Amino acid sequence: MAKDETLISAIGAVASNGMLGLAGWLPWDIPEELAYFERTVAGAALVIGRLTYESMDVVPEDSFVVSGQSDLVMRPGCTRVASVEEGLRGALATGKPVFVIGGASVYAAAWPYCHRFYLTRIEQAFAGDTLFPDTIPLDHWQLHAEELKLLHENLSNKDVVCRFLQYRQLNPKPVPLVHCNSVSG
Ligand SMILES: NC(=O)c1ccc[n+]([C@@H]2O[C@H](COP(=O)([O-])OP(=O)(O)OC[C@H]3O[C@@H](n4cnc5c(N)ncnc54)[C@H](OP(=O)(O)O)[C@@H]3O)[C@@H](O)[C@H]2O)c1
């Protein structure tokens with residue numbers, strides 16, 4: 001088991017129809033699920049996709065925002081990185097636990113490096129425009145913990161079953177070191 005300061009985790013929530021995003025935010029409003037997310041990532045260094053970053057009211061320090069836009073203006077404490085790997089290297093260098101918090105494109109690129117995936121499965125379909133990537137082979141990861149809760153969803157004003165799962169990937173890929181282009185001549 002990797003020590004906490006070298007541990008890379010991902011965290012997210014997904015509906016029963018695979019949706020995880022709608023119009024730049026979440027398809028649901030489940031305050032207790034959001035509070036679980038905030039508790040879990042508290043004090044960590046974060047790796048965040050640019051769209052998810054722009055949707056957040058508060059972004060903690062030691063956040064690494066993945067974007068191809070080199071002129072992106074960052075909030076204090078946030079660093080723009082050109083790739084998920086660069087973000088993971090920066091986050092690991094802080095010495096804090098590292099969490100990849102999405103969105104979909106960042107999960108899709110980061111999962112090979114993750115030791116853990118904290119995934120909340122919301123047992124209800126929601127309308128959305130962004131799907132959880134179907135390329136993440138969580139079925140082959142070890143299911144380490146599972147907790148079921150009935151939580152209130154404010155948009156439908158109904159209770160929904162949420163399964164708080166912790167998956168573990170036993171042998172994630174090491175984050176590659178910085179690439180140096182070879183110069184010939
Ligand atoms: N349910 C959940 O747990 C959860 C978690 C997080 C987000 N979300 C939702 O997911 C949606 C956003 O997800 P998304 O996939 O559309 O966007 P995203 O991953 O948040 O951001 C996409 C942007 O990140 C940059 N990027 C991503 N991968 C990159 C890579 N490999 N190399 C370089 N740049 C990269 C690009 O920025 P540039 O265009 O600047 O180059 C890209 O346009 C929102 O609705 C959000 O609320 C849900």
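An open sheet of 8 strands, with mixed pairing, is arranged in the order S5-S4-S3-S6-S1-S7-S10-S9; two strands are taken to pair if DSSP finds at least two bridges between them. Strand S5 (78–81) and strand S9 (142–153) form the edges, each pairing on one side only. From one strand to the next, the twist averages 20°. Strand S1 (residues 8–15) runs parallel to strand S6 (residues 98–100), to which 3 bridges join it. Ala10 has Val100 in S6 as its bridge partner.

Helix H1 (residues 31–41) packs on this sheet and touches S1, S6 and S9, among others, with a direction at about 175° to that of S1. Helix H3 (residues 84–93) also packs on the sheet, where the strands touched include S3, strand S4 (63–66) and S5, and its direction makes about 165° with that of S3. Contact requires C-beta atoms, placed from the backbone, to lie within 7 Å. Axes are lines fitted to C-alpha atoms, for helices over the stretch in contact, with angles from 0 to 180 degrees between N-to-C directions.

The model is predicted: local features need pLDDT of at least 70 and side-chain atom pairs count only at pLDDT 80 or more, whereas totals for chains, interfaces and linings use all residues. Residues are numbered from 1 along each chain as its sequence is written.

In total, the chain has 4 helices and 10 strands, defined as DSSP runs (H or I, at least four residues; E, at least two) numbered from the N terminus. Of the contacts with a separation of 6 or more, 71% are between residues 24 or more positions apart.

Conventions: Two residues are in contact if their C-beta atoms, placed from the backbone, lie within 7 Å.
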